[in-house]
Amino acid sequence: MAFLTHPALRCPLDAMPLVLENGSLICERGHRYDIGKQGYTNLLSVQHKRSLNPGDSKDMVSARQSFLSAGFYEPIAKSVMHSVSQAAKSPATVLDAGCGEGYYLHYITEHQQDPLNIIGFDISKWAVQRAARRCHGTWMVASNKNIPLADSSVDVVLDMFGFPDYVSFERVLAPTGRLIRVTPAPQHLIELRTLIYPQVQQVASAHVHPNTLNRLSSEPLTFSVELERSTLKQLLLMTPHMFKTSVQGRSNLERIGSLTVTVDVVIDTFTLAGS
Ligand SMILES: C[S@@+](CC[C@H](N)C(=O)[O-])C[C@H]1O[C@@H](n2cnc3c(N)ncnc32)[C@H](O)[C@@H]1O
């Protein structure tokens, strides 16, 4: 798919505007970033790269793509799309921070009537490679800690099950912009967690946010999905539970054919305080 350049793109090294020249993005100080044939660019600066391949691994990304493409989280995508259409005046710039393999931005562009400028980034190059294959957009490898976009340039920031950096989100949000955040609620995947852990831990509270943001709304969303064992394994692989599951937990999983699992999330919409 084609990489779409955006006037808000900024050099990750000196925050100067990036312009398109012969298939590369260049700032006036001469820093150059190639746009690959796969339709994305890498704007992750070395100081924000803690390992050779940061973020979700190729296997995690592949599991997430299979799981999400099967439509199990479509109610979440639908609700978020509704929140985006309420928040954004057309043509709006919608940024998915930690976009994974692009499922939600793709869903929104496919189902929303109004044209949107979509920008997605993730620290995992495996995730961005897949996202760029899904649809045209401004796709990049980058970090929440150093979002390569101009101040006040984004109408909607999406943070879907991500690792929020509120200072960066607030910097890129336009004064009337919205942050839409999806976080797990207490019953999220409770049946799976009961199966794999000897003792189920409480989900950390979704109600934490900095006082520089005003919460406009908080919508709970709960539904059930019936999952075969192979799909449960994909779900496990795409979540942090994968790394915490005990040997006993894995063997419990091998013994079941299918499981009805509760999906329990909260969709919060925030504005900048004082806007
Ligand atoms: C739980 S996944 C959610 C992916 C996607 N938002 C979704 O809901 O399908 C978290 C994502 O955040 C990415 N990530 C981790 N640290 C990040 C950072 N500092 N900046 C941007 N993305 C990051 C991971 O690579 C992974 O794709």
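This is a predicted model: local features need pLDDT of at least 70, side-chain atom pairs count only at pLDDT 80 or more; totals for chains, interfaces and linings use all residues.

In which helix or strand of the protein is confidence lowest, and in which is it highest? I found the lowest in helix α8 (residues 241-244), at a mean of 78, and the highest in strand β7 (residues 138-141), at 98. The score is pLDDT, the predictor's confidence in each residue, from 0 to 100. Helices (H or I, at least four residues) and strands (E, at least two) are DSSP runs, numbered from the N terminus.

Residues are numbered from 1 along each chain as its sequence is written, and side-chain values use heavy atoms, with hydrogens and water left out.

Next I checked the protein as a whole: its mean pLDDT is 93, and 99% of its residues reach 70 or more.

Then I turned to the ligand. I looked for polar contacts (pairs of N or O atoms within 3.5 Å; within protein, one must be able to donate a hydrogen and the other to accept it, and residues adjacent in sequence count only if both atoms are side-chain atoms). A ligand nitrogen sits 2.7 Å from a backbone N or O atom of Gly98. For Ile123, a backbone N or O atom is 3.4 Å from a nitrogen atom of the ligand.

Last, I looked up Ser217, which belongs to strand β10 (residues 213-228). Ser217 touches Ile267, Asp268 and Thr269, leaving aside residues up to four places away in sequence; contact means heavy atoms within 4.5 Å.
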